[in-house]
Amino acid sequence: MTMELKPRKRIGLVAHDNKKLDLIEWARFNRGMLAKHDLVATGTTGTMLQRELDLPVTCLQSGPLGGDLQVGAMVADGSIDFLVFFWDPLEPQPHDTDVKSLLRIAVVWNIPVACDRASADFMISSPLMTSSYERTVPDYTAHNAREIPGSDEIVDLDDGDHLEPETA
C-alpha cells in the first residue's frame, strides 16, 4: 500500500528546550524551502518559529502538555509527511515516554524523521522534498484483525452484547 505525498509537504517541527535554538537556526537557514510547505509544531517551538520566520505555523500544545502526542496522532492519521524532531539525548525529559512514542509512531508509519541538523539538512535538500513521492505505508490489516484470546468473552463488537460482571 502506498500514499502519495504531494510536492507541498506537511512538516512536523519539534525541539526540546536545549535544542530549540538549533532548530530555529536551521529553520532560518532553510526558510525558503520551509515556506513551500505546511508547518506544524509543538507550542513553544511553533511560537518561536512563527516569530523568527514570519511564516504560518500551526501550533499545538507544548510537548510536555501533550504536544508530542498530538504530533504523533497526526503522523498516525496521515496528517504529517515529514518530522524534524531535535530531541536532547543528554537531558532527561519529564515526558520521555511521549518522546519515545513519537519516534516509534513515525517508524510505524514509515515517515522520514530528522533528529539532528545533519539529517535535517540531508532530507530537506533532497529533490523529494519538492516533488511527489509514493511512500510505502505498512499494511496493518492482519494486526487489526488478529484474535485476542478471551476478547470474545468481554465484548462482542458485532452485536453490542457485553459480558455481565460475575457476582460472588
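**Reading the packing in a predicted model**

Visitor: Which elements do the buried residues of helix 3 pack against?

Guide: The buried residues of helix 3 pack against strand 2 (10-15), helix 1, helix 2, strand 3 and strand 4 (57-59). The model is predicted. Helix 3 spans residues 43-53, and its buried residues are Gly-43, Thr-45, Gly-46, Met-48, Leu-49 and Leu-53.

Visitor: What follows helix 3?

Guide: Asp-54 follows helix 3, and the phi of Asp-54 is positive, near 55°.

Visitor: How many helices and strands are in the protein, and in what pattern along the sequence?

Guide: The protein has seven helices and seven strands. Along the sequence they run β-β-α-α-β-α-β-α-β-α-β-α-β-α. Buried residues make up 36% of the 168 residues. Of the contacts between residues at least 6 apart in sequence, 72% join residues at least 24 apart.

Visitor: How are two packed helices described?

Guide: Two packed helices are described by the angle between their axes and the distance between the axes. Take helix 4 (residues 67-76) and helix 5 (residues 96-108): they pack at about 15°, with axes 9 Å apart.

Visitor: Why do helix 4 and helix 5 count as roughly parallel?

Guide: Angles under 35 degrees count as roughly parallel, and the angle here is about 15°, so helix 4 and helix 5 are roughly parallel to each other. Their crossing is left-handed.

Visitor: Which residues of helix 4 and helix 5 meet?

Guide: From helix 4 come Asp-68, Leu-69, Val-71, Gly-72, Val-75 and Ala-76, and they meet Asp-98, Val-99, Leu-102, Ile-105 and Ala-106 in helix 5. By class, the residues of this contact are eight nonpolar, one polar and two charged.

Visitor: At what angle do helix 1 and helix 6 pack?

Guide: Helix 1 (residues 20-29) and helix 6 (residues 117-124) pack at about 25°, and their axes are 11 Å apart. The angle makes helix 1 roughly parallel to helix 6. The crossing of helix 1 with helix 6 is right-handed. In this contact, Asp-22, Glu-25 and Trp-26 of helix 1 meet Arg-117, Ala-120, Asp-121 and Ile-124 of helix 6. The contact has three nonpolar, no polar and four charged residues.

Visitor: Is Glu-25 buried, partly exposed or exposed?

Guide: Partly exposed covers relative accessible areas between the 20% limit for buried and the 50% limit for exposed. Glu-25 has 39%, so it counts as partly exposed. Glu-25 lies in helix 1. Its C-alpha is 9.8 Å from that of Leu-49, a residue 24 places away in sequence. Leu-49 is one of the buried residues of helix 3.

Visitor: Where is His-37, and is it buried or exposed?

Guide: His-37 sits in the loop between helix 2 (31-34) and strand 3 (38-41). Its relative accessibility is 3%, so His-37 counts as buried. Apart from neighbours within four places in sequence, His-37 is in contact with Pro-7, Arg-8, Lys-9, Ile-11, Met-129 and Thr-130.

Visitor: How many disulfides does the count come to?

Guide: A disulfide is counted when two cysteine sulfur atoms are within 2.5 Å. By this rule the count is zero.

Visitor: Are Cys-59 and Cys-115 buried, partly exposed or exposed?

Guide: Cys-59 has 33% relative accessibility and therefore counts as partly exposed. Cys-115, at 27%, is also classed as partly exposed.

Definitions and conventions. Residues are numbered from 1 along each chain as its sequence is written. This is a predicted model: local features need pLDDT of at least 70, side-chain atom pairs count only at pLDDT 80 or more; totals for chains, interfaces and linings use all residues. Side-chain values use heavy atoms; hydrogens and water are left out. Buried means under 20% relative accessible area, exposed over 50%, partly exposed in between (1.4 Å probe, protein chains only). Axes are lines fitted to C-alpha atoms, for helices over the stretch in contact, and angles run from 0 to 180 degrees between N-to-C directions. Helices (H or I, at least four residues) and strands (E, at least two) are DSSP runs, numbered from the N terminus. Angles under 35 degrees count as roughly parallel, over 145 as roughly antiparallel, 65 to 115 as roughly perpendicular and the rest as oblique. A crossing is left-handed if the near helix is turned anticlockwise from the far one by less than a right angle, and right-handed if clockwise. Contact means heavy atoms within 4.5 Å. Ala, Val, Leu, Ile, Met, Phe, Trp, Tyr, Cys and Pro count as nonpolar, Asp, Glu, Lys and Arg as charged, and the others, Gly among them, as polar.
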